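Have the coordinates open while you read.

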Amino acid sequence: TRDRVHRDTRFMDTTAIAGTSGFYFQRLTSLRLHALLSRIYFQKLLLTITNRAELLATERRLLEVAQSTQHASRSLKQKRAGLKELWSDLRRSEWLRLKKSDLGKRIFPTWQRSMISAAFRGWVQFWMWNQGVRSAFELDFATLKHSLDMKRLKTEVRENVERKANTVTEDYSLKTAAQKALSGKNAGGGMDAALAFSKLRKPLVKRSLHQRHAARPVKCRHCALFFLEAQNHSMACPFHPGEYLDACPASCPGLTPKCSAHRAKRWTCCDVRDLGKFGSSGCRQRFHMPVEVDPAYAEAVAEKDAFFVGALAEADAKLDTLRRDDVKDVARKVKLTQLNGISAAVTRERVISKRAEQYKFSQEVLDSFKDVPPK
């Protein structure tokens, strides 16, 4: 019985040494396990005592630091109070050395400022009253003079403005002749219509993409006119860099009786009084600028984007398929390698078993190997 107890308690499975928490157990002899557990216990006990001692030392050090901080705070308050009293005495001694004028600026600044402000407001009111009387007289004189000048204006000025506003600059003579020939108003009849349209007809030559693009009319964002990009230049689009408002001409010195006569709506950059449609009477020129968003371009870009998105999606799908196939091949190779390894290990074990059968050991010898722990 003693031998049996000794044999049963000779080894013990535990996870305390390796710290595996149930994943696998470590088999040790009971004496070796006792020695290891005793060592771990005393190590933990020593660490606990050391940590407790360090904690007490840290608490005492913190207490000393807190006491020092309180003492420094009380000293700082006392020194600030003393510095404040010192500054008060110094300021009082400086004020006693000042003259009455400077002392008044320091002691009564608000009262002195209010008195000066009241005097300045009175002077400003008097100046504004004087300017108002003078402006009223100049305005009456300028109004009377302007009414006399308007009566002396010639009617040709108004006619000239209307002529500029209603002038047609395009020539439709050839197209008008062709239309009249088609409608039968011309004496030539159908032959005249054919002749007129033969002049308008151009040779049927297929144009390239660049030619079609250059011949496409584009609307200018500034003057709202249509232009061809092939004919765009730096003098194509007139504009005014100034503003159109009531103003005197540049030659006017300002605030004179003549201002009421010549003050009118005009461009401040060139004194032109004609407003013009979209700056058509401009004094400066620049290139025509197309609109920021061209519907034709936007449609073409959207069509190309949709095509490329579909092509990329199709290519991604094919790539995903290829990747999945490659992964399957790799997994198949790994599994075959594992199976070949297992088969080779089983074959080796069978060879060893057959070799052991040749020696023909007794059952007692075979049983004695069961109690030997694995190395």
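**Notes on the model**

1. Glu138 and Arg134 sit four residues apart in helix H4, so about one helical turn separates them. Their side chains meet in a salt bridge, with N to O at 3.6 Å. Arg134 is exposed, at a relative accessible area of 54%, while Glu138 counts as partly exposed at 27%. Keep in mind throughout that this is a predicted model.

2. Arg61 comes out as exposed at 54% relative accessibility, and Glu64 as partly exposed at 44%.

3. How many salt bridges does the structure hold? There are three, and the one still to mention joins Glu292 and Arg221, at 3.7 Å from N to O. This pair links distant parts of the chain, its residues being 71 apart. Glu292 lies in the loop between strand E8 (284–286) and helix H10 (295–359), and Arg221 in the loop between strand E3 (218–219) and strand E4 (226–227). Glu292 is exposed, with a relative accessible area of 69%, whereas Arg221 is partly exposed at 39%.

4. At 56% relative accessibility Trp111 counts as exposed, because the cut-off is over 50%. Together with Trp95, Ile107, Phe108 and Met115, Trp111 forms a nonpolar surface patch with about 550 Å² of accessible area.

5. On aromatics, a search of the whole structure gives five pairs. One of them is Tyr41 with Phe42: the ring centres are 5.4 Å apart and the planes are at 70°, so the pair is edge-to-face. Both Tyr41 and Phe42 are exposed. Elsewhere, the charged end of Arg286 sits over the ring of Phe239, 4.0 Å from the ring centre.

6. Now the chain as a whole. It has 11 helices and eight strands, and buried residues account for 9% of its 375 residues. The chain exposes about 33100 Å², with carbon and sulfur atoms supplying 60% of that area. Of the contacts between residues at least 6 apart in sequence, 43% join residues at least 24 apart.

Notes: Residues are numbered from 1 along each chain as its sequence is written. This is a predicted model: local features need pLDDT of at least 70, side-chain atom pairs count only at pLDDT 80 or more; totals for chains, interfaces and linings use all residues. Side-chain values use heavy atoms; hydrogens and water are left out. Patches are made of residues with over 30% relative accessible area and no salt bridge: like charges are joined within 9 Å, nonpolar side chains (Val, Leu, Ile, Met, Phe, Trp, Tyr) within 5 Å. Accessible areas come from the Shrake-Rupley method with a 1.4 Å probe; for residues, only the protein chains shown count as cover. A salt bridge is a side-chain nitrogen of Lys or Arg within 4 Å of a carboxyl oxygen of Asp or Glu. Buried means under 20% relative accessible area, exposed over 50%, partly exposed in between (1.4 Å probe, protein chains only). Rings of Phe, Tyr and Trp (its six-membered ring) pair if their centres lie within 6.5 Å; planes under 30 degrees apart count as stacked, over 60 as edge-to-face and the rest as tilted. A charge sits over a ring if NZ of Lys or CZ of Arg is within 6 Å of the ring centre and within 35 degrees of the ring normal. Helices (H or I, at least four residues) and strands (E, at least two) are DSSP runs, numbered from the N terminus. Contact means heavy atoms within 4.5 Å.
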